[in-house]
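Trainee: Could you take me through the reading of a structure, one feature after another, giving the general idea before the particular case?

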Protein chains: 2
Amino acid sequence: MNLDFAKSDGLVTAVVQDHASGRVLMVGYMNQEAFERTIETGFVTFYSRSRRKLWLKGESSGHRLVLKDISVDCDLDAVLVQVEALGPGVCHEGYQSCFFRRLEEGEWKAKEDRTYNPAEVYGGQA
Amino acid sequence: MNLDFAKSDGLVTAVVQDHASGRVLMVGYMNQEAFERTIETGFVTFYSRSRRKLWLKGESSGHRLVLKDISVDCDLDAVLVQVEALGPGVCHEGYQSCFFRRLEEGEWKAKEDRTYNPAEVYGGQA
C-alpha cells in the first residue's frame with residue numbers, strides 16, 4: 001500500500017505534530033525521496049516547493065525534527081508525522097509553531113511570544 | 001493579512017484537529033469561499049478537489065465539524081482548524097480519524113478499530 005504521490009504533482013502533505021504535547025507545529029510536503037529519507041534517517045525531510053529541492057528540516061538552524069511515529073490518511077495523500085522537536089521552535093519567524101496567529105474578530109493576530117530570535121539562528125539568510 | 005490562495009491553485013491546506021483531545025482528524029483543502037463559509041456558519045466547509053465543488057463536511061453523514069478556533073501558519077498557505085467533531089468519526093471508512101494507519105515495519109497497518117459502520121451512514125453512496 002503505497003502513498004499516492006500522483007494527486008499533487010509528486011507530493012504528499014505532511015502534518016507535523018509534537019508527539020508529547022499534541023501541538024501541530026507545521027505543514028510541509030514530501031516527495032517520495034523525502035519520505036524515504038525521513039524513514040531511513042529518523043530526521044524529518046521535506047521537499048521545498050519554493051526551492052525545488054529536498055530540505056532536511058533544521059539543516060541550518062539545528063532545530064531538527066526527530067521522527068517518533070508516522071501515520072497515513074485514508075486516501076494515502078497526507079501523512080501525520082509525530083516528532084520530538086529539537087530546539088526552541090520550528091518556525092523560521094522565531095515561534096514554537098508556525099501556527100502562531102489565530103483569527104480574532106476577522107484578523108490574524110499573534111497569540112504567543114517568540115521562543116527564540118530568528119536573526120541569531122538564521123543570521124543574514126533568507 | 002490575507003490567506004495566500006495563489007500558491008496552490010486557489011487552495012489552502014486545512015488541518016483539522018480535535019480541540020479537546022488534540023488528535024489530528026483529517027486534512028482538507030479550502031478555497032476562499034469555503035474558508036469564508038466556515039467562518040460565517042461555524043461549520044467546517046472544504047473545497048473537494050475530486051468533485052470540484054464546495055463540501056460541507058457532514059452534509060450526508062451528519063458528522064459535522066463545529067469550528068472552535070482557527071490559526072494560520074507563517075506563510076499564510078495552511079490553516080489549523082480546531083473543532084468539536086459531531087458523531088463517532090470523521091473518516092468515510094468508519095474511523096474516528098482519517099489517520100488510522102501507522103507505519104509498522106515498512107507497512108501501513110490499521111492501529112485502531114472502526115467507531116461506526118460506514119455502510120449504515122453513507123448507504124450506497126460513493
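**A buried aspartate and its surroundings**

Mentor: The backbone nitrogen of Asp77(A) lies 3.2 Å from a polar atom of the side chain of Asp73(A). Please keep in mind throughout that this is a predicted model.

Trainee: Where is Asp73(A) found, and which residues is Asp73(A) in contact with, leaving aside its neighbours within four places in sequence?

Mentor: Asp73(A) sits in the loop of chain A that runs between β5 (65–72) and β6 (78–85). With those sequence neighbours set aside, its contacts are Ala78(A) of its own chain and Cys98(B), Phe99(B) and Arg101(B) of chain B.

Trainee: What is the nearest side chain of opposite charge to Asp73(A)?

Mentor: As a general idea, side chains of opposite charge can pair when their charged atoms come close. Here Asp73(A) is buried but has no salt bridge, and the nearest side chain of opposite charge, that of Arg101(B), is 6.4 Å away; a salt bridge would need the nitrogen within 4 Å of a carboxyl oxygen.

Trainee: How many salt bridges does the structure hold over all chains?

Mentor: Over all chains there are 16 salt bridges. One of them joins Asp69(A) to Arg102(B), with their closest N and O atoms 3.0 Å apart, and this pair crosses between chains, from strand β5 of chain A to strand β7 (residues 101–104) of chain B. Asp69(A) is buried, at a relative accessible area of 19%, whereas Arg102(B) counts as partly exposed at 25%.

Trainee: Which parts of chain B does the salt bridge between Lys7(B) and Asp75(B) link?

Mentor: Lys7(B) and Asp75(B) form a salt bridge whose closest N and O atoms are 3.5 Å apart. The pair links distant parts of the chain, 68 residues apart, since Lys7(B) belongs to the segment before β1 (12–18) and Asp75(B) to the loop between β5 and β6 (78–85). Lys7(B) is partly exposed, with a relative accessible area of 41%, and Asp75(B) is partly exposed too, at 33%. A network of salt bridges also links Lys7(A), Asp75(A), Asp77(A) and Arg49(B).

Trainee: How should I read the helix α1 of chain B, and which of its residues are buried?

Mentor: In α1 of chain B, which spans residues 32–41, the buried residues are Ala34(B), Phe35(B) and Thr38(B). Seen down the helix axis, the buried residues of α1(B) fall within an arc of 100°, and therefore line one face of the helix. Their cover includes β7 (101–104) and β8 (107–110) of chain A, together with β2 (24–30), β3 (45–48), β4 (53–56) and β5 (65–72) of chain B. Just after the helix, Gly42(B) takes a positive phi of about 80°.

Notes. Residues numbered from 1 in each chain as written. Chains lettered and ligands numbered in written order. Predicted model: local features only at pLDDT ≥ 70, side-chain atom pairs only at ≥ 80, totals over all residues. Heavy atoms only, no water. Buried < 20%, exposed > 50% of the residue type's maximum accessible area, 1.4 Å probe, protein only. Helix = DSSP H or I, 4+ residues; strand = E, 2+ residues; numbered from the N terminus. Arc of directions from axis to C-beta. Contact = heavy atoms within 4.5 Å. Lys, Arg positive; Asp, Glu negative; His and termini not counted. Polar contact = N/O pair within 3.5 Å; in protein donor to acceptor, adjacent residues only side chain to side chain.
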